[in-house]
Structure formats: structure tokens, C-alpha cells
Amino acid sequence: CGGEDHKGTCEQKVPVGYLSTRILQMKAAVKIIRVTDEVPYALGFNILHRLQEIRGKNEIDDHLLLLQHQPIYTGGRRKNVSNLKYPVEEFQKMTNTPLFFADRGGDVTYHGPGTLMCYPIIHFLDNQIRLREYFDYLEDIMIHVASIFGLECIGRIEGKRGIWTKSTKGTPDKKVGSVGISVRHWVAAHGFALNVTTDLSYFDHIVACGLENAKATSIEAEAKERGLQEQVTMERAVQGVSETFCRKFHKVQVTEETMTTEQLANYVSSFE
């Protein structure tokens, strides 16, 4: 949700004696998994952190999960509920949508169908990348995908993480994509959420990302507002993220698979 709060020691000095040959071998490789059905958030959370653990042991290459969740409100590890517009019990009755606190940075937001979740499980040492640079790369990917649909107006706003449409006088900034990660043993998990065709009414019940003077929007909504002719589809956004990620992180040894949630869970279980 735009937070830079994180766990781990990714800004520490690279350990002496780290194998340079391992860096060269691992840096170029990634396995991209596209999930075809909506993933329950709690299950996806467990899968994500199991892959993070395995990657930390260098048992697998970097991974990239591209998926959508069943409707869910999520918060950061600080478990701040002040940006729910109602008390927690009332909030859950009114929205009929679960609330889950993850171990990422940032504040409360919404994920669901139409929101593309990009979850890289990526080793900072093997990719020779630092934390702030990594945040920038994730935002660069979202900005490029928005441009695929003709939205050159979407970019960064100084002092705020995520990607935005810049406001005109008297109107709030509108957020299109959020970033939030966790880092353990030099391996990042979580990533970004890009509103592609999201039902924006879910954001009416929260102060998204704790930002009072901002609104949530989507690529689809902004394209319609501007009368653009480009058809906004999740399939095209997924392809754009996949291709841009590989270019940005110099991945040339790419394996791609399409899985259901059940197949993904079985895949991760196979490492136990």
C-alpha cells in the first residue's frame, strides 16, 4: 500500500565470500506462474511465504506469481484499523468482506477481482539490488503497463509510493497501484497491486492506504474518463507485467506456467 516499512536486512553489506558464480547463474532465471482462478488471500499468503522460505535456502530460482484474489481487505503488519470508516465488527458486517493483516508495509487497502497482484519472490543478493531501487522497479513496471493502455498520465507523485494520476486543481490525487513488501533472509515477497478493472466501490468503506486526500482508481476507469479506445483487459495487463518484469530484472532464462490455485498449492507442497 505504498509503505516502505519492511522486515529483514536487505540494506546490509553483502556477506564476504558470497559466490559470484551463483549470482550469475541465478540472476537470469525466473519461473512465472499465472493463476487462472481467484486465490483466497490466506492461502495465497501461506504459499507466498513458503516460496520465500525455499528461495532463501537457494533451493529454487526467483519466482513471479501473477494472480487475482477473492475480495479481501488487507492491512499492514502494524494492524492499524483507524482507516476503516467503521468499527471492525460493523465494518465486516457492512462489507461482508474479510479483513486480513499481512506482514507487509503500508496501510489498509482492498484486493479482489480486477486487481492484478504481482508477487515476485526475488533474492536481493542474486539480483544485486537494494530496497529503494526495488520499490522503484516495481513502480516502473506498473507505469509501463498503464502506458500500454494509452495512459501516459499515470506516474509517480513526490513523497508518495505507488503510481498515481496527477490531480488537477481542486481534485484529489488518484491512486492506481500500490506497493508493499516484506524481506526475510534477503528474499522479498509481496509486491504490488495494480487496479486494472477493479470494482472501486469497495474503496468507499476505507481510507485507502491511510491517505485522506486521495482516491482509488483503475486503469479501466481512467481510460474511460479520457475516452481512450484501448480495450482494458486483465490478460493484456498480465502479459505486460510479465514482459516488463523480465526486462527490468534482466531475466533471460524464463519458465512460464499456468496453474489453478489447487495446482499452485500442490506445486509448493512438492518442496516439502
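**Note on the predicted model**

1. Met259 has its place in strand S12 (residues 253-259), where strands (E, at least two residues) and helices (H or I, at least four) are DSSP runs numbered from the N terminus. The model is a predicted one, in which local features need pLDDT of at least 70 and side-chain atom pairs count only at pLDDT 80 or more, while totals for chains, interfaces and linings use all residues. Residues are numbered from 1 along each chain as its sequence is written, and side-chain values use heavy atoms, with hydrogens and water left out.

2. Met259 counts as buried because its relative accessibility is 5%; buried means under 20% relative accessible area, exposed over 50%, and partly exposed in between, with a 1.4 Å probe and protein chains only. The C-alpha atoms of Met259 and Val35 are separated by 5.0 Å, although these residues are 224 apart along the chain. Leaving aside residues up to four places away in sequence, Met259 touches Lys31, Ile33, Arg34, Val35, Thr36, Leu264 and Tyr267, a contact being heavy atoms within 4.5 Å.

3. On the chain as a whole, seven helices and 12 strands are present, and 53% of the 272 residues count as buried. Among contacts between residues at least 6 apart in sequence, 80% join residues at least 24 apart. The accessible surface comes to about 12400 Å², of which 48% belongs to carbon and sulfur atoms; such areas come from the Shrake-Rupley method with a 1.4 Å probe, and for residues only the protein chains shown count as cover.

4. The largest pocket holds about 310 Å³ of space. Grid points are joined across faces, edges and corners, and a volume is the space filled by probe spheres set on the points.

5. The lining of the largest pocket is made of 22 residues, and Phe203, Ala208, Ala214, Lys215 and Ala216 lie nearest the centre of the pocket. At least two lining residues come from each of strand S5 (109-111), strand S9 (173-184), strand S10 (187-195) and strand S11 (214-216), with S9 giving the largest share, four residues. By class, this lining divides into 12 nonpolar, five polar and five charged residues, where Ala, Val, Leu, Ile, Met, Phe, Trp, Tyr, Cys and Pro count as nonpolar, Asp, Glu, Lys and Arg as charged, and the others, Gly among them, as polar.

6. The second largest pocket has a volume of about 190 Å³, and the residues lining this pocket include Arg34, Val35, Thr36, Leu66, Leu116 and Met234. Two or more lining residues are given by each of strand S1 (29-39), strand S2 (62-69) and helix H6 (234-248), and the largest share, five residues, comes from S1. Six nonpolar, two polar and four charged residues make up this lining. Val35, which lines this pocket, is also among the residues that Met259 touches.

7. Which residues does Pro40 touch, not counting those up to four places away in sequence? They are His69, Gln70 and Thr261. Pro40 sits in the loop between S1 and H2 and counts as partly exposed because its relative accessibility is 28%. Between the C-alpha atoms of Pro40 and Gln70, which are 30 residues apart along the chain, the separation is 5.4 Å.

8. Two backbone angles deserve a look. Most residues other than glycine have a negative phi. Asn58, in the loop between helix H2 (41-56) and S2, has a positive phi near 60°, and Trp186, in the loop between S9 and S10, has a positive phi near 75°. Asn58 is partly exposed, at 27% relative accessibility, while Trp186 is buried, with a relative accessible area of 12%.

9. Phe124 lies in the loop between strand S6 (115-123) and helix H4 (131-148) and is buried, with a relative accessible area of 1%. Phe124 and Lys27, 97 residues apart in sequence, are 9.6 Å apart from C-alpha to C-alpha.

10. The structure holds zero disulfides, a disulfide being a pair of cysteine sulfur atoms within 2.5 Å. Cys118 counts as buried at 0% relative accessibility, and Cys246 is buried with a relative accessible area of 11%.

Conventions. On a 1 Å grid over the protein atoms alone, a cavity is a set of points where a 1.4 Å probe fits but cannot get out, and a pocket is an open set with protein on both sides within 12 Å along at least five of seven lines; lining residues have an atom within 4 Å of a point.
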